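This briefing concerns a pocket, a helix and the salt bridges of one protein model. Please read it alongside the sequence and the coordinates.

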Amino acid sequence: MEDWTTPSGPPAHEFPNPTPALGLVLLTLGLLTGSAFVWAPLSALSNSRFAYYPLIALLQLVMLGLPAMLYARTHATVRLAIRRRRLPLWAYLPLALAAVLAMLIAAYGSAAWVALLRELGIDPPPSSVPIPQSMTEALLSMVVVGMIPALCEEYLFRGVVLHSLEQIGTRRAIVLSGLLFSLLHGSIAGLPVHLMLGFLLGWLMVHYGTLTAPMVFHGVYNSAAMLFSYVITALKPESDAAVVTPTFVEALRGLLPLLLVLGCLSYALLRGPLRSLSRTQPPILYPQQERLPRAARWIAVLVFALYGLLYLGAVLGSQT
């Protein structure tokens, strides 16, 4: 039985203006692009691997978290629109477990996608995130690379952007904010995974009725990925220098059973708490109230055009 609740009248709050929200995405894109020119000089100031972590934390807070939080703090319509339902503590455990399972699915899915790209003559660059070389570094990366970016990204995309876009309908807002979220990462190798993750995080925010749900899921997902990369690297024998890259078909054969089993488990974990939560407060799905303002549409077109140019340049630069 569908557990969406479609309001018969207007929402209890005024929809935030989507133009500044999309402007924040454009600002973030500019800051991320500009940071590429200062990242190498800043990283060169120290030979320590640990210099990466305070730099990435600072950049995430300045480019993502701070602008979104300042905007929400100074605009009452945004603060009122953001879903802030208080969940019982037990509801976060299934979220965390589902995030770990989703990370395993994403790891195999990325391997299949990269194999397909290579067969098409496109060799995507490796991730710029360093693999932890010690347990201390792994724990540090779980906080700095896992939690901080998750909190900042969720506040921007599921907090400010999604709620500001709900005037075109909640479903459309989930899709559009998820698409912007996936493109912001600028990774060809991770594009399908980031796209699915963006849609899932929007679904979680609306169904659970609180921004803390996608924050917890995203933070655990990122942290589990960092810990997983450390464990895999630590368990691999040092003599095993040659890495055998699977073909797309081989990777797909391994992905499909994993997707079936872990996907069903993840879905069951996520849907379980909703049965009891929906009895007291069903999720709200707003229908389309109005079109985006013309300025917001032009900003969206500009953002997607810039993203398209960046990804096209990345594809052309990675062709083998």
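Which residue, with a positive phi, follows α4? That residue is G121, and its phi is near 90°. The model is predicted, so local features need pLDDT of at least 70 and side-chain atom pairs count only at pLDDT 80 or more, whereas totals for chains, interfaces and linings use all residues. Residues are numbered from 1 along each chain as its sequence is written, and side-chain values use heavy atoms, with hydrogens and water left out.

**Helix α4**

- Helices are DSSP runs (H or I, at least four residues), numbered from the N terminus.
- The 28 residues of α4 should span 40 Å at 1.5 Å a residue, and the end C-alpha atoms are 40 Å apart, which agrees. The expected span is 1.5 Å times one less than the number of residues.

**Second largest pocket**

- The second largest pocket holds about 600 Å³ of space. On a 1 Å grid over the protein atoms alone, a pocket is an open set of points where a 1.4 Å probe fits, with protein on both sides within 12 Å along at least five of seven lines; lining residues have an atom within 4 Å of a point. The volume is the space filled by probe spheres set on the points, which are joined across faces, edges and corners.
- Its lining comprises 24 residues, and I105, M196, L197, L200 and L259 lie nearest the centre.
- At least two lining residues come from each of α4 (92-119), α7 (191-208), α8 (212-235) and α9 (248-280); α7 gives the most, with 9 residues.
- The lining has 20 nonpolar residues, 4 polar and no charged. Ala, Val, Leu, Ile, Met, Phe, Trp, Tyr, Cys and Pro count as nonpolar, Asp, Glu, Lys and Arg as charged, and the others, Gly among them, as polar.

**Salt bridges**

- The count comes to 3 salt bridges, each a side-chain nitrogen of Lys or Arg within 4 Å of a carboxyl oxygen of Asp or Glu.
- R83 pairs with E166, the closest N and O atoms being 3.0 Å apart. This pair links distant parts of the chain, 83 residues apart: R83 is in the loop between α3 (76-81) and α4, and E166 in the loop between α5 (135-165) and α6 (170-184).
- R83 is buried at 12% relative accessibility, and E166 is buried at 0%. Buried means under 20% relative accessible area, exposed over 50%, and partly exposed in between (1.4 Å probe, protein chains only).
- D123 and R118 form a salt bridge at 3.2 Å, N to O; D123 is partly exposed at 35%, as is R118 at 40%.
- R158 and E154 form a salt bridge with closest N and O atoms 2.7 Å apart, and both residues are buried. They are separated by about one helical turn because they lie 4 residues apart in α5.
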